[in-house]
Every structure is written in structure tokens, then in C-alpha cells.
Amino acid sequence: MEAIQGQSRAQGIGNSVKALRRNGWVPGIVYGSDISNQEIQVQGKELDAALRRQATNKPYKLMVDGNSFDVMVNELQRHPVMGNILHADFRKINMNEKVNTSVPVLMTGDPELGVATLVRHNVDISCLPGNIPESFTVDVDGLNIGDVILVSDLVVPPGVELGVDATEVLISVLPVKAKSEESIEAQHDAEQVAEAAGSTEQANRV
């Protein structure tokens, strides 16, 4: 289990959210059924590193002022352009009680014919925090157009219960879309314009 170091967030002048972020901190909050909401701050670089080492749907050990909490990342707010984390919400959990979360579906391999398309990118599950899989990987090697992979085809670890219907489609193999005459013509026109522009620029240099 990855550990995240944090500390209580001080209140008052000079401790605004903007000031924290300028100094490399990420403001956050930890809450749960048996604790009151606690405002905290964690170092942005350390949080990024922990999230790279472990999937966000797995439990983390959050250390705050000498106290240890088993938590899950409930929400991460990121900058729409830069992508850096602006705020983090952590939910305190009991490692001996089941939790509900979602697990991403990943594809490996290539179909014999057609293109494999993810119909569902995530699958809801219920299990003990320590049993949460990082992902469900599905091999689409050798599939053909019209083939589908259902939820029931997943290899589910022991102790994990799926929260979606077994007959739902996860992956569908579709025909490769052929370019329409209009798109081919537009591409041809664009190439001609580019060639003409190149010839004009070369002539101007001469």
C-alpha cells in the first residue's frame, strides 16, 4: 500500500489555497463515517509520485501529524490546461469492510479483422479494499468483425463481486470505416493547395 505524507492545514493570513499551491502544496480533505472533516495539505510532487506508483482506485496509507488513515482517493481536481492536481479528497475506509469502486478495462492484442472498440471503459465492483484489482485486461487477439466481449467473459479475482450485468458488452469488433468520397476529395484538394503554396514560396525566394 502506497503512503502519502500530509499535515493539517493551518488557517489564517498567508495560508490561503493560492499561497499553498504556490509553495508546492495541494490542499485536501479527509473524511469518513467515524471522523469529522479534516482539512489537510500534501506535497504535490509526492502525491503525483504516489499516484504514478499505484492506481487511484486502490487504498492508500495517509499520514497526517502522526496519525495514520487507510483511505481511498475519492476525487482529484486538476487544472484544465496544466493537468496538475488542485485539490484532493480522501475517504477514510475500514480495510475489513467492502467498498464500492470502479476498475478500468484495458485491451491487449489486435483483432484478425476490424477494430476493437471499448463500449465500457470501467466496471463497477464491490470487495475488500485489499482485493481491488488495478484493471481488467482483455485479449482481443484473433477476434473478427462482429465479435463481442461480455462482462461475463472477464477473469474476476476471488472475493470480487461485479456491479454490472453479466450480459453487458465490454468490447465490440467493428469494421474499419472506409473514407468517404468527400473526405478523399477534400484531402486531395488540401494536398494540391499545399503543393501550390510550396511552389509559390520557392518562386518568391528565386
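Reply: Lys58 counts as buried because its relative accessibility is 17% (buried is under 20% relative accessible area, exposed over 50%, and partly exposed in between, with a 1.4 Å probe and protein chains only). The model is a predicted one, in which local features need pLDDT of at least 70 and side-chain atom pairs pLDDT 80 or more, whereas totals for chains, interfaces and linings use all residues. Residues are numbered from 1 along each chain as its sequence is written, and side-chain values use heavy atoms, with hydrogens and water left out.

Lys58 sits in the loop that runs between α2 (44-53) and β4 (60-64) (helices are DSSP runs of H or I with at least four residues, strands runs of E with at least two, numbered from the N terminus). Although buried, Lys58 has no salt bridge (a side-chain nitrogen of Lys or Arg within 4 Å of a carboxyl oxygen of Asp or Glu). The nearest side chain of opposite charge belongs to Glu134, at 5.3 Å (Lys and Arg are positive, Asp and Glu negative; His and chain ends are not counted). Along the chain Lys58 and Glu134 are 76 residues apart, yet their C-alpha atoms are separated by 7.1 Å. What does lie beside the lysine side chain is a backbone atom: the oxygen of Ile132 is 2.5 Å from one of the polar side-chain atoms of Lys58.

Glu134 also takes part in the lining of the second largest pocket (on a 1 Å grid, an open set of points that fit a 1.4 Å probe, with protein on both sides within 12 Å along at least five of seven lines; lining residues have an atom within 4 Å of a point). Ala55, Thr56 and Asn57 are also among the residues that line this pocket, together with Met72, Val73, Asn74 and others. Both β5 (67-78) and β7 (99-108) supply at least two lining residues, and the largest share, 4 residues, comes from β7. The volume of the second largest pocket is about 160 Å³, against about 200 Å³ for the largest pocket.

Arg53 is exposed because its relative accessible area is 52%, whereas Glu2, at 18%, is buried. A further salt bridge joins the side chains of Lys61 and Asp70 at 2.6 Å, N to O, and Lys61, with a relative accessibility of 27%, counts as partly exposed.

Arg120 and Glu168 form another salt bridge, at 2.9 Å from N to O, and here too distant parts of the chain are linked: Arg120 lies in the loop between β8 (115-118) and β9 (122-127), Glu168 in the loop between β12 (161-162) and β13 (169-174), 48 residues apart. Both partners are partly exposed, Arg120 with a relative accessible area of 21% and Glu168 with a relative accessibility of 30%. To return to the site you asked about, Lys58 is buried and has no salt bridge, while the backbone oxygen of Ile132 lies 2.5 Å from a polar atom of its side chain.

Definitions and conventions: Points joined across faces, edges and corners; volume = space filled by probe spheres on them. Polar contact = N/O pair within 3.5 Å; in protein donor to acceptor, adjacent residues only side chain to side chain.
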